Amino acid sequence: AFVYNTFLRLSPSRQNQHPGLVFNSKKRAGTTFTDAVIARMRANGVAPDIFTYNSAIRDCVFRDRDALSKTKEYCKQIQVDGLQMNYSTFSALLATYSERGEISLSEKVFETMLTSFPKQITAADYNNMARAGRKHGDIEHVARWLKQAK
């Protein structure tokens, strides 16, 4: 799983430099690099681990159309695979939801983070909370979270 997870961490600009490692020269329409890596893992008998899903969820920040549905799909698969979400999972969820301006989802995830991982919360997490408000156009939300970050 480590090797596949390494491919998932490639920056989007470098992912297309390694198409032969993931695709058999044919890429299905709508299939992302992340989806292809996970499919290749399963085809080779390698079970995705929590690091795989954390990277996949983090990749949803960069998706245009189906970010929320893919995030939900990955979270469901984490449960099906019997994996335990960790701080990085929730941080990736927060980044994805905040990028979409999903204030209520961002707040729900952040509350879980505060309860489950209080010592791991970073300035980036507070920034993501502020981003949710900014993307939604809610300046009061932005100000509240920036004030709490102090």
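Predicted model: local features only at pLDDT ≥ 70, side-chain atom pairs only at ≥ 80, totals over all residues.

Reader: How do you know that the span of α7 agrees with a helix?

Author: Helices are DSSP runs of H or I, at least four residues, numbered from the N terminus. The expected span is 1.5 Å times one less than the number of residues. For the 13 residues of α7 (87-99) that gives 18 Å, and the end C-alpha atoms are 18 Å apart, so the two agree.

Reader: What makes α7 largely enclosed?

Author: Buried means under 20% relative accessible area (1.4 Å probe, protein chains only). In α7, 11 of the 13 residues are buried, so the rest of the structure largely encloses it. Among them are Tyr87, Phe90, Leu93, Leu94 and Tyr97. In the chain, 43% of the 150 residues count as buried.

Reader: Which helices do the buried residues of α7 pack against?

Author: They pack against α5 (50-59), α6 (67-80), α8 (103-116) and α9 (123-136). Contact means heavy atoms within 4.5 Å.

Reader: What makes Asn86 a cap for α7?

Author: A side-chain oxygen of Asn86 lies 3.1 Å from the backbone nitrogen of Ser88, at the N-terminal end of α7. A polar contact needs N or O atoms within 3.5 Å, one able to donate a hydrogen and the other to accept it; residues adjacent in sequence count only if both atoms are side-chain atoms. Just after α7, Gly101 takes a positive phi of about 75°.

Technical notes:
Residues numbered from 1 in each chain as written. Heavy atoms only, no water. Helix = DSSP H or I, 4+ residues; strand = E, 2+ residues; numbered from the N terminus. Buried < 20%, exposed > 50% of the residue type's maximum accessible area, 1.4 Å probe, protein only.
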